[in-house]
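I opened this model to look at its sheet and its pockets. My notes are below.

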Amino acid sequence: MGMRVGGFLPSSDRRLTVLSGPSGVGKSTVVAELRRAHPAVWLSVSVTTRRPRPGEVHGVHYFFVDGEGFDRLVERGELLEWAEFAGNRYGTPRQAVLDKLAAGVPTLLEIDLEGARQVRRSMPEALLVFLAPPSWEELEKRLRGRGTEPEDVIARRLAAGRVEMAAEHEFDLTLVNTDVKDVCRRLIALMTDPQGVTTSTNREV
Ligand SMILES: Nc1nc2c(ncn2[C@@H]2O[C@H](COP(=O)(O)OP(=O)(O)O)[C@@H](O)[C@H]2O)c(=O)[nH]1
Ligand SMILES: Nc1ncnc2c1ncn2[C@@H]1O[C@H](COP(=O)(O)OP(=O)(O)O)[C@@H](O)[C@H]1O
């Protein structure tokens, strides 16, 4: 993969954007802020076998299914990509994404590293954005501070986080999540203004 410098892709091809990063970095927070402040961007709703957290709504944050339901989607080829993460499976419903892209709607997938790699292979024109924490210590603090997982699950997510952090160079660019609104502004600029990519380096602070 490696870094790609923009400027040689038609703008419509950039409308699919992938946001990945270690657990606890703030992906869900960024997505919630986009949903609130930038309704013109369509956020893909993933399917997962994970149990809902308090406040998570079926069809809004995820489609919550059991293992058999997930198997069926895989067998029917209805997922654009899917991966196992910390003991649960997650996938992107294919048709909804293709419909939005066909309609020219800027589309964002918030998915894990394995999923990002699959999208890179199947849709090489997608823009892959890595969300990084200001520091490793801050990442641990955010993950523990969220208080939604027991310590063994946190440990699994931190282990996965180390792997994700080591893959940052596979992404087209990095946004450091110091300020959520600032990250959203930059993301929107990238998704709606193709020139934004040509002027971005693969590390933005
Ligand atoms: N491959 C893939 N990963 C996903 C999908 N949806 C969510 N994820 C990722 O699964 C991981 C765990 O998500 P989640 O359980 O919601 O925890 P959180 O990201 O720590 O809040 C995160 O890295 C998500 O980006 C999907 O459709 N496909
Ligand atoms: N820029 C930020 N500064 C401080 N705390 C943040 C920031 N972004 C997110 N958080 C907090 O960090 C924790 C993890 O964020 P979350 O969005 O759940 O991460 P992810 O979806 O990447 O696992 C939450 O408690 C959230 O409120």
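These entries cover the sheet, the helices on it and then the pockets.

I am working with a predicted model. I looked up the strand order first. Five strands make an open sheet, ordered S2-S7-S1-S8-S9, with parallel pairing. Strand S2 (42-43) and strand S9 (173-176) are the edges, each pairing on one side only.

**Entry 2, one strand pair.** I then checked S1 against S7. Strand S1 covers residues 16-20 and strand S7 covers residues 107-110; four bridges join them in the parallel sense. Leu16 sits opposite Thr107 of S7.

Helix H4 (residues 113-122) packs here and touches S1, S7 and strand S8 (127-132). I noted an angle of about 155 degrees between the directions of H4 and S1. Helix H3 (residues 94-102) lies across S1, S2 and S7, at about 150 degrees to S7.

How much space lies in the largest pocket? I read about 860 Å³. Its lining has 39 residues, with Lys27, Ser28, Arg50, Tyr62 and Glu110 nearest the centre. Elements giving two or more residues to this lining include strand S5 (79-85), strand S6 (88-93) and helix H5 (136-146). H1 gives the most, six residues. By class I find 14 nonpolar, 13 polar and twelve charged.

I count 13 lining residues, and Arg50, Asn88, Glu149, Val153 and Arg157 lie nearest the centre. H6 gives the most to this lining, with four residues. The classes are four nonpolar, two polar and seven charged.

Terms used. Residues numbered from 1 in each chain as written. Chains lettered and ligands numbered in written order. Predicted model: local features only at pLDDT ≥ 70, side-chain atom pairs only at ≥ 80, totals over all residues. Heavy atoms only, no water. Pairing = 2+ DSSP bridges. Contact = heavy atoms within 4.5 Å. Axes fitted to C-alpha atoms, helices over the stretch in contact; angles between N-to-C directions. 1 Å grid on protein atoms, 1.4 Å probe; cavity = no way out; pocket = protein on both sides within 12 Å on 5 of 7 lines; lining within 4 Å. Points joined across faces, edges and corners; volume = space filled by probe spheres on them. Nonpolar A, V, L, I, M, F, W, Y, C, P; charged D, E, K, R; others polar.
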